[in-house]
Amino acid sequence: MRLAALCLALLLALPALAAEREVVPGPGRLAQAIAGADPGDVLILQDGAYPGPVIIDRALTIRGPAAAVIDGSGQGTVITITAADVVLKGFSVTASGSVNEDLDAGVKILKGADRVQILGLTLYDNMHGIDVHGGRDAQVIGNHITGRQNHRMNERGNGIYVWNSPGTLLDGNEIRYGRDGIFSNASASSIYRGNIMRDLRFAVHFMYTQRTEVSGNISIGNHLGFAIMFSDRTKILNNLSLGDREHGLMLNYANNADVTGNLIRGGTKKCLFIYNAHKNLIWANRFQGCGIGIHFTAGSERNVLTGNAFIGNQNQVKYVGTRFMEWSHEGRGNFWSDHPAYDLNGDGIADGSYRPNDLMDHILWSTPSAALLTGSPAVQLIRWGQSSFPATMPGGVTDSAPLMLPLTIPVPPAIAATETAVAGRWTTGNYDDIDPDDLTSH
């Protein structure tokens, strides 16, 4: 008798088995299925249209093929998630509202909706694709997000917006069009990796984001690749910025970052722009084929630059300042493609130091009209004197231990083909769509 009572108690303690329920297309059908489901149930969508918007207020899994389309009919957010442990998988989401102030989105994850998984959805024609807005430990994986192309670029929504949502994982998403690919604001302790982003303002945009990793992402043909602003202890690892117009990577009031293993090449203007950023490790990156390799300004101090390769940039370094900056660390500097180096002892370190700029560079940057005198005998005499008598050089960048060989960072063939396809595609009309002030401030 006691054994039977114990077995009954155990059975009653076990959660009910999740039920699988098929949902057919039609107005109100999905909302009705959600209202009639128990937590843990699985709703399976069939091909067809499901007019929305809908609210998911309990722990459900909703899955279906890409041909199952939840359509917001242009009203607000298409799917709003208010419960924890919701899983969305496979289907399509379209036609959110257009009110940017309300953050109209394809999918919105609200505070308290923790551990939500958004897997393999197709999202198109939404103001914002996915808005992770307060939910913790969200997983946004393998989604295809196509933003809008109407309005000015700065007035569109983001592919993925993360606000105050610690523990977010964004992995393997493809994002095209809209404003920013990933916009992370006032959040922390997250991982954004393996995402591919094209035809955007910023591929990744950080504001007040702490202790977050950005790794293995690919930015192709955007106005700016990776914009890290007012953020701390960010890890920027093994990303590709290919043909991004303004900057490949910008550190703007960004401190204590680890910038390692990134390839930035083909930028019209700057590979790396450092503005008032301090105590960052910039190591083993390749800056190639940009107008300026690194533009270093606004009193940025105590940054370590070592093991990087500067290859074929029109200007390797632009530094307008009077401080002496040493760009080697513990006897190891960087590779410079324009440094006529030699290495008599074969230790891999050039026997002569490298200085990318001289006094005339500083004059030309601060007084552009002086460029008319570039070829004059007086200018050539000053440059000869400084090269012959280094003590006359002003403050600036010195690499006391240049490397003899550059590091290489491979690009997958399919990505290289896309890079080639977008090269030279920018037009003045596209550039005019951007507010220049928005590239250096929020």
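The torsion about the S-S bond of C271 and C290 is about 90°, so the disulfide is right-handed. A disulfide, here a pair of cysteine sulfur atoms within 2.5 Å, is in general a covalent bond between the sulfur atoms of two cysteines. In this predicted model, the sulfur atoms of C271 and C290 are 2.1 Å apart. The two cysteines lie 19 residues apart and link distant parts of the chain: C271 belongs to strand β31, and C290 to the loop between β33 (286-288) and β34 (292-297). Helices (H or I, at least four residues) and strands (E, at least two) are DSSP runs, numbered from the N terminus. C271 and C290 are both buried, where buried means under 20% relative accessible area, exposed over 50%, and partly exposed in between (1.4 Å probe, protein chains only). A search of the whole structure finds one disulfide.

Residues are numbered from 1 along each chain as its sequence is written. Local features need a pLDDT of at least 70, side-chain atom pairs count only at pLDDT 80 or more, totals for chains, interfaces and linings use all residues, and side-chain values use heavy atoms, with hydrogens and water left out.

The backbone was examined next. Most residues other than glycine have a negative phi, and most peptide bonds are trans. Y253, in the loop between β28 (247-252) and β29 (258-260), has a positive phi near 55°. This residue is partly exposed, with a relative accessible area of 35%. N276 also has a positive phi, near 50°, and is found in the loop between β31 (270-275) and β32 (281-283). With a relative accessible area of 18%, N276 is buried. The peptide bond joining G52 and P53 is cis, with omega about 0°; P53 lies in the loop between β3 (48-51) and β4 (54-56).

The protein as a whole contains six helices and 40 strands. Of its 442 residues, 51% are buried. Among the contacts (heavy atoms within 4.5 Å) with a separation of 6 or more, 47% are between residues 24 or more positions apart. The protein exposes about 19,200 Å², of which carbon and sulfur atoms supply 57%; accessible areas come from the Shrake-Rupley method with a 1.4 Å probe, and for residues only the protein chains shown count as cover.

The pLDDT, the predictor's confidence in each residue from 0 to 100, averages 88, and 83% of the residues score at least 70. It is below 50 over residues 10-15, a stretch with zero contacts in the model beyond near neighbours in sequence. Residues 426-442 also have a pLDDT below 50, but this stretch has 40 contacts beyond near neighbours in sequence.
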